[in-house]
Amino acid sequence: MFDLSPLSISLRAACIATFIVFVLGTLAARLVLGLKGKLASFVDTVCTLPLVLPPTVLGFFLLVLFGKHGPLGALLSQFGQSIIFTWYATVLAAVVVSFPLMYRSARGALEQVNSEHVWAARTLGMREGSVFLRIMLPEAWPGIMAGITLSFTRSLGEFGATLMIAGNIPGKTQTIPMAIYFATSSGDMRTAWIWVGLMMLLSFLSLGFSSYLAARREQ
Amino acid sequence: MSLSIDAQLSIAKKTHSEPFTLDVSFTVGNGEILGLLGPSGCGKSMTLKCIAGIINPDKGKVQLGGVALFDGEKGISLPTRQRRVGYLFQSYALFPHMTVAANICCGMTRMPRESKEQYRHRCREELRVYLELLHMEQFAQSYPRHLSGGQQQRVALARLLASRPDAILLDEPFSALDDELKDSIDQELKATLLKTQCPVVFVSHNAQEIQRYCSRTLHLVHGHLRQAGKSGCQQR
């Protein structure tokens, strides 16, 4: 019987990670737009860094942070919790690697929002929160949607950081990319082919869905 | 409630070696429509932006009904949201993803001690009033992109009025309209503006437009006021 658990592990992790990244990335983009000068470039650089760092480096840092003796890991273990080598670690890894994609898409989209609309909203007495939620976000939505798609596909394909902090526990932390790697290395080409095909299908579908949304919006 | 501004501001422009300096000082009374006339780039819009808090002057004061909106000396600068200044942008700045009705309701705020139900009811009532006032009833559910320039202008004006401002700033309100439309809108707009009993600043590069609306005109040239007086008797 073919074990389908990597599919559900991957999909669940990618969906939750994408949601988290959507919130964090969009807020970070809004925050950076409100900053000026050197501070803005610094925060921008920090937010973009995971994009260029090797996933193993990210995994290493996550391990240091969330490991048994890491500051966050120690805090969690006081509550009897641990993230490393659990399903949550796959979510965490996906969040960290896909965050820059969401952040950059959102920042680009928010920069494009007509500033007169934003000022008009303020003259109408709208609070900053409403200006953001009711004026900026809807206007930036196509770009943000693109960011969501990119983040989702990136989360789905995450391998390096996941391997380091979540490991390869079948039925628990084994995601599709992990299944592909270990099937290939053990010579099980049939399993590898199935997962590769499924992965391509999923990526194709999510990109297609986003371009369908973009096209529908333009009409 | 009168509006007064006395502001100085200098901005370095990339294209010029010398910075652009703005130095304006005037007062607009209740129910008065003051014209601010000048060629493009003379600082008319910048003056409005200083009043609305979109730009902060380097020094000076902006007061509305005795309340300091900006005071360089005391370091006061109210955020735009709290200034209660209605701003009609040249492009009208209607929110493209909202219907006409939603656009107009944007500026309505819930009163203290008003229940959600009462607030909704009042919004509906006021929406009806403003749509009727500006003859836009049949367009309530339309999106701005489906409206003509004149209709967009009226929606922007309705939205502005619905936010109950204490002062009104009009930035080239007719530049996006053709001449015929201008004449048809003219009298109604003027009557509507006067009815609010707000101080109104009307910015334009067109002397005729200003004459039709304003009881007093200021000429702004290179960021400085040239002359003041009754527009009727002061012909260049």
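In the domain assignment, chain B is divided into domain 1 (1-84 + 165-236) and domain 2 (95-164). This is a predicted model, and the points below should be read with that in mind.

**How the two domains of chain B meet**

- Nine residues from domain 1 of chain B and eight residues from domain 2 of chain B take part in the contact.
- On the side of domain 1 of chain B that touches domain 2 of chain B, the largest share, three residues, is supplied by helix H5 (residues 179-195) of chain B.
- That side of domain 1 of chain B, sorted by class, holds seven nonpolar and two polar residues, with no charged residues.

**Chain B as a whole**

- Chain B has 236 residues, of which 39% count as buried, and its secondary structure consists of six helices and eleven strands.
- Among the contacts in chain B with a separation of 6 or more, 70% are between residues 24 or more positions apart.

**Two helices of chain A**

- Helix H1 (residues 5-34) of chain A and helix H7 (residues 128-157) of chain A have axes that come within 9 Å and cross at roughly 140°, which means that H1(A) is oblique to H7(A).
- The crossing of H1(A) and H7(A) is right-handed, and the residues of their contact comprise ten nonpolar, seven polar and one charged.
- The residues that meet include A:Ala13, A:Val21 and A:Arg30 in H1(A), and A:Phe132, A:Ile148 and A:Ser155 in H7(A).

Technical notes
Residues numbered from 1 in each chain as written. Chains lettered and ligands numbered in written order. Predicted model: local features only at pLDDT ≥ 70, side-chain atom pairs only at ≥ 80, totals over all residues. Axes fitted to C-alpha atoms, helices over the stretch in contact; angles between N-to-C directions. Helix = DSSP H or I, 4+ residues; strand = E, 2+ residues; numbered from the N terminus. Parallel < 35°, antiparallel > 145°, perpendicular 65-115°, else oblique. Left-handed = near helix turned anticlockwise from the far one by under 90°. Contact = placed C-beta atoms within 7 Å. Nonpolar A, V, L, I, M, F, W, Y, C, P; charged D, E, K, R; others polar. Buried ≥ 20, exposed ≤ 12 C-beta atoms within 10 Å, placed from the backbone. Domains from an automatic or database assignment.
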